[in-house]
Structure formats: structure tokens, C-alpha cells
Amino acid sequence: MERRVLLAVFLSFLVLYIYQALVGPPPGERTGPGPSPSPAAPTTSTELPPPPPVAADALAAPGAAVPAAGDPGGVAADPVVADTEAREIVVESDWFRAVFANRGAELLSWQLADYLEEGQPVDLVPRDLPPGEPAPFALAFEDEQLTRLAGDALYRPSAGRVRLGDRTETLTFDYEDAGGLRIRKTFRFDPSSSPYLITLVVEAALGDEALNPALRWGPALGGGEHTTAGFAFRQGPRGVVYGRLLEDGVIAELEVTRPAASDVAAQPTYQGQMAFVGVDNHYFLAAALPGVQEATVRYRAVPLPPRTVDGEPRELMAFDLRLAGGPGGLPFYLGPKDFDILEAADLALPRAIEFGFLSWLVVPLHRSLSWVHAGVGNWGLSIIILTILINIVIFPLRHKSVVSMRKMQELQPEMKAIQERYKHLKASDPDKQKMNQEVMALYRDRGVNPASGCLPMLATMPILFAFYRLLTMAIEIRGAPFLLWIEDLSVHDPLYITPLVMGASMVLQQRLSPAQVDAMQQRMMMLMPVVFTFMFLWAPSGLVLYWLTSNVLGIGQQVITNRVIGPPKVRTVRPPAERRVRNPRRDKGGRKAAAAGQESAR
């Protein structure tokens, strides 16, 4: 029975490997309790306008007059408040380096100082995009001509360079023309609240009429394309919508919706109250936090040419966002999916990390791992220490399982004798049921519960899968070195040493475990180390380190338990001939033969 549970663990892990390596989560996978946010039907009042195409030759030259919005004659409207030439404004801090363009007052680059990709800081704004694709923080009006004007205008910045310290800083872009169009974009940075939060305030008017433009976020998300998490799939870029409703004055949280390219082709628009909405990938997130405002978001898949490195196709996700009350004081998060950083920015943001259905267990494990790391300063050592602590907690369960397996081993000769007596019977023979009755009677007489070895092992399975999910999703492990040749715990061992040692430890653990009668089960159990070793060759080093440490501790516990309970007791089994199953025909023939023999002897 215990071997069958181990086999079930192996098959479960194999299914998890195939699912995540080849299939990945189904499109639009939702996590968390409750119903999914209901997509809104398009309406004339809140429906976002389709993204207007912007040709490269349609952009006006710097400083040139641009046709006024809504003017069919194309009468030039001279800029009143604007910059004289195109230039870039840099905003720097200890955590990121942002580059804004005064043309359109849009974001050109957002590089994260603490996260590298191919030796360079990760840039969440992708480059080499198709012509005409909008940049982050572009504006979309109902009038297409007005949209083109707002995107091509040269805004006057309040500073040429901003260096962020401990206090709040603002960067303002102003534009006004003779046609009455006035636009002001204010970006507010507050490092004290969160290093990756930026708050945008948009004020737009045409004459005396206030305008409510939609915010456009072009193709996203850059960064993390060349980073692998072992055989775990690389998430995204995908849309991410975390909805919530206000019911009787109380916020009722809904679940996270992750629309992929196939989903947005059929349903591009989502509407409602959203805690956050944007685009994420495996390790990074770009999202707006509308709060309790009614918001409408429209997604759009953007296919890109394959990468020149490996020829892998690319597909990014763009979105437009409109708020019912206008984009006044709208926070944006642009940064890593680090649990603590996300939680400090907004309590809802940690939901962007897709820990799966075991998030109730993954989150405490993540907090424990971070707590250990705060003391030792090395993520590899933290994994080892946390694995030791976990094995201390589950030591009684493992001990009980080993004791039960030992008792089952002691019963094997008697169980084999029972099976030998009934092996000549077919499975459909009613007398075959007597074998099961004798086996259960043997369990009862010896005080053995066959399930007592299974349940403790099943109780440890959630911890195993939760740890697996944690190590494949946590950005803290990305790029974190361990010792010697292991320079990144989120990728596989470059020398394949730890997977091979892990496989050897599994073989040793199998040999120390009590043997079983069934030859097929024995062969399957000896095959498991080979299959696991092959799978873990490309697994994250952190996950292999956890499994190896757990195996070593299991071997130590097996040795200690074997010494405590002593060697298995050998029981003498009576020959099966003394307890043959009676066959009426055979017995009748035997009696006739015996009588004939006695008669001939006379």
C-alpha cells in the first residue's frame, strides 16, 4: 500500500511536469475564491474607442503647427505652451531609471536596477516594436484627430532631469495650443510609500469642455523573456484583472482573471471595479490600481517577429483603460512580483503572483523562507534551513509511516503464503474472496493498519507541491547565487551535479526502505529515481536543492528509525499443503483412488 502511495506521488509529479512544461495553464485561468468578474457588455457611454492607427508619416515635425481637433478644414492651431524640440527626460532612483519623451509625454524606458537580463537591467518597456504602436501613458480621445495631436505634441516638462531621494517628487508635462486644447500630465513619485509606484494625473480640456481620455499602454511586458524557471512554464505576457465589488459598503473580493491572446480575441473588454488591471509575465508586473472607480479595460494581442537568439515567436499584450471619473490620481505599479514589495504597494497586488490552488500554504512558506533569508543572507542556505525545519515538523508522520511499512514487511511471508494457496483460482472464483478475508484477519491479528503508512505520506504531499510552486514562481530566487558553480537558483544546474546526486540519494533511500513482495512494484520504485533524475536535470537549482536536502534528511531518519525499531522479525510460515483449499471434485476422485488402492492390497 505504501509503495502504491509513493507511486501515486511519482505519477502526480510527472503529470505536473507534463502539464506545466508542455501545456501550461489554460487560457483565462482564474485563481482564488468566488465567481469570476463578469465582463461588461459594450455600451456607447463607456466603450473604449478602437486603437486608431498612427502612420509614421502622419506625425508632424517638431515644433510644427498641427491641425486642430475636430476642424474638418485642417486649420493650423499654433502651440501656445509647448517645448521647442524633441528631447528625453530621465528620472532616476536607487531602484529604477525611467526615460520619458516630451513628445506625447510618454514613457520610453523603465529599467529595474536590481534585476538583470543578459547582463543588462531589465526594461519593462519593450523595444523594437512595430511602427505606430503607442507607448505607456499615451492618451486616446473619442476624436481620432485629437488622439493623434495629443500623441505628437511636444509637451513642456517641468524639469530636464529628476533624481529621487526620500521625498515626493513630481514631473509635469504641459501643452496648450491656440485651438483651445489644454493637456497636463503630472507624474508623482513617492519612494517612501513604494519604490515602484508612480501616480498619474491627467487634466485635459478643449475650450470650456473637460475631456476624459483613455490611458493607453502599448505592447507589454518587456523583461524576463530570456529567463527560464526550469521546466516550469514562463507565464505571459498575459492580461491580469483582479476585480472587486462594493456590496453594502463592504468590498467583496473576486478572483484574478488572466486573459491570454486567444481570450481577448473573443472577449477583449472587461468592466467593473478593479483592484488592479494590467499585464504581467512570470516575474514582472505593469498594472494600474483604479481602486473603487468603475473602470473599463480593453486588451489587444500584439504579435512580434521571432527573437533573433532562438527564433522563438513573441506575442505581447496591450491595453487601454478608461475610468468613469477620469484618470485623476491613478497609481501604477511597474516592478517585480516580489511578495513583500507588492504588499507594501497595495494589499491586493500579491494576488498577481500565481501561486495556484495551494496559495494558502505557499504564502506561509514564502514568508518563512524570507524570514530565514533575513538571517542568513543566502537563498540556497535558506532553502536548506527551511527544508530542515519542515522535516522536523513532519518527522512524526514519517516515523509512523516507516514503522507501518516495517510491520507490513514482517507480514510479507505470511501474506505470500496466503497468496500461494489461492493463486490457482481465477479472479471470478467465489473462493478467491477467502484470500482477502484471510489477509484482513492477518492484519487484525497482528494489529496492523494498512492505511497507517499511506495517510502520513499523503499529508506531506501538499507541502511538496507548495514548495515546488514557491521555488518556481518567487522572483527572489531569480538570479540568486548559492555556492561555487550554482550562480542562479532559478535555472538548472549548469554542471548537472545536484540532479545526479539527488538521483543517487533516491536510490539509496529506496534500498533502505522495507522491501515489498510485489515484483512489479519493486521495479517501478527502482525506476522512479531514473525518471526523477531526468526530470530534474532542467529543474530550477533551488527546487533540486530542496529535494536533495529532503532526501538526505529522509535517509538519516530511515537509519535512525531502523535502529530504534530493530531488525524485522522473521516469522515461520506453515507449508501451504497443510491448509489446502478443498475442491469437491478433486476430493471425490482422491477418495475413490484411495479405496481402489486398498481393495487391490487385499
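Begin by selecting α7 (395-410) and α9 (433-446), which are among the elements covering the buried residues of α8; here helices (H or I, at least four residues) are DSSP runs numbered from the N terminus, and cover is judged by contact, meaning heavy atoms within 4.5 Å. The model is predicted: local features need pLDDT of at least 70, side-chain atom pairs count only at pLDDT 80 or more, and totals for chains, interfaces and linings use all residues. Residues are numbered from 1 along each chain as its sequence is written, and side-chain values use heavy atoms, with hydrogens and water left out.

Next, select α8 itself, residues 412-422. Its buried residues (under 20% relative accessible area, 1.4 Å probe, protein chains only) are Q412, E414, M415, A417, I418, R421 and Y422. An α-helix has 3.6 residues a turn, so residues three or four places apart point the same way.

Now move to α5 (residues 359-376) and α6 (residues 379-393). Their axes, lines fitted to C-alpha atoms over the stretch in contact, with angles from 0 to 180 degrees between N-to-C directions, come within 9 Å and cross at roughly 125°. To display the contact, select L365, S368, L369, S370, V372, H373 and V376 of α5 with W379, L381, S382, I383, I385, L386 and I390 of α6.

Finally, show the whole chain: 50% of its 602 residues count as buried.

Technical notes
Helix = DSSP H or I, 4+ residues; strand = E, 2+ residues; numbered from the N terminus.
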